[in-house]
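Have a look at the model below, and keep the ligand in view while you read.

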Amino acid sequence: MAHILHVDPLHPERTPDPIREAAALIQSGALVAFPTETVYGLGANAYDAVAVGRIFAAKKRPTSDPVIVHVSTPEQVDQVAASVSPVARQLMKAFWPGALTLILPRGERIPPNVSAGLPSVGVRMPAHPVALALIQAAGVPIAAPSANLFSHTSPTSAHHVWRDLGDSIPLILDGGAAPIGVESTILDLTGERPQLLRPGGVPLEAIQRIIPAVKIEVVERYAAADQEALPAPGMLLRHYAPRASLHLYEGPDRAVRSSLAAALDRLRRETPQARIGLLLADEDLPALGHHTHDPQVVILALGSLHDLSEAARRLYAALHDLDEQQVDLILARSFPAVGIGAALRDRLTRAAEGKVVQVQESSSHHE
Ligand code: TXA
Ligand code: MG
């Protein structure tokens, strides 16, 4: 059973004992879950192939899915990557510490299983003081995927980690809610031009502003989970998924609201025993609020459409919440794909596993 130890999220030096204990576990080859600014990570000594193997076992993660290496200083990158290009340096300077993972040529000290055998390695310097303190105290870079069972919703709290991995790891550092709430942006710098592999905490627009002369290719990878030849490891469609099936509604706000309302009315009529979760924005509530007192309906709003950072911060907690409330089906609205909204929309699309309903302004009346 995992111990959960509280750490001061802003001043980890005020809670030195848990950090020391976590660092000692990492050095001994064990796993530790810890907070980062994006989501909680499941960490192991990145130089220790056996320890890294334990990550895959604990998560039930296929060994074909590479993990990200976390460093605490820019200099540490030179021990993790075989080479660091000028563009990589520029982006590190602009966004580290922060929610940007760079794919670089893998250095010799990093065992192949970290990268699922690929010649590259994903590296990021997290901004969370606890993550930085842990890497520093351990004295080694820390390999860490999100601290959830494979294909489950990523954890943004120690409680989320506990639910998935409490039985299989020795320690969870509890630093409160993850402040960004979605995973890092992943940029592959090993090819001819940079490829955005995953939208995340650092908006593509911000990256493009730092390297305006370099064209970034956006890779859309919504491969079906059962597809045999996946375009790249770790890009399964069924990722970040709650237990309930999720239907994602996309289109103009008014049409989305009336489609959601019509779908909900129909579901309540035709399957009265089913528990339905609604994932909305604050602005949607007036159109759907008449279901507020229905015990079979759980309504969660992620905040205003004008504050996509807030919605990103709350997304995974909302999906975990709907899981805990045992809803059978989730109806969700999509969010504008600008800035961090691109990450929100990406995660919702993955959670929907292809069940995306495109609504038009006029069609909403025929639902
Ligand atoms: O914000 C984050 O990135 C969090 C925190 C803990 O840092 N970590 C995270 O890790 O989201 P994970 O394992 O859930 O997602 C990492 C993904 C992999 O699934 C894979 O798609 C990609 O990063 N990745 C890692 N190394 C790669 C490589 N060498 N080449 C291509 N993709 C890679
Ligand atoms: Mg993950």
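Predicted model: local features only at pLDDT ≥ 70, side-chain atom pairs only at ≥ 80, totals over all residues.

Start with ligand 1 and the residues around it. The shell holds 26 residues, and those that come nearest are T38, R61, D65, H70 and S184. Sorted by class, the shell is made up of 13 nonpolar, 8 polar and 5 charged residues.

Now zoom in on the polar side chains. S184 puts a polar side-chain atom 2.6 Å from an oxygen atom of ligand 1. R61 does something along those lines, with an N or O atom of its side chain 2.8 Å from a ligand oxygen. Then there's R124, where the distance from a polar side-chain atom to an oxygen of ligand 1 is 3.1 Å. How much of ligand 1 does the protein bury? On its own, the ligand would expose 670 Å², and the protein buries 97% of that.

Which elements give two or more residues to this shell? They are three strands: β4 (68–70), β6 (120–124) and β10 (195–198). β6 makes the largest contribution, with 4 residues.

Find α1, which covers residues 16–27, and α5, which covers residues 129–138. Their axes come within 8 Å and cross at roughly 55°. As for handedness, the crossing of α1 and α5 is right-handed.

Conventions. Residues numbered from 1 in each chain as written. Chains lettered and ligands numbered in written order. Heavy atoms only, no water. Near = heavy atom within 4 Å. Polar contact = N/O pair within 3.5 Å; in protein donor to acceptor, adjacent residues only side chain to side chain. Areas by Shrake-Rupley, 256 points an atom, 1.4 Å probe, with all protein chains shown as cover. Nonpolar A, V, L, I, M, F, W, Y, C, P; charged D, E, K, R; others polar. Axes fitted to C-alpha atoms, helices over the stretch in contact; angles between N-to-C directions. Left-handed = near helix turned anticlockwise from the far one by under 90°.
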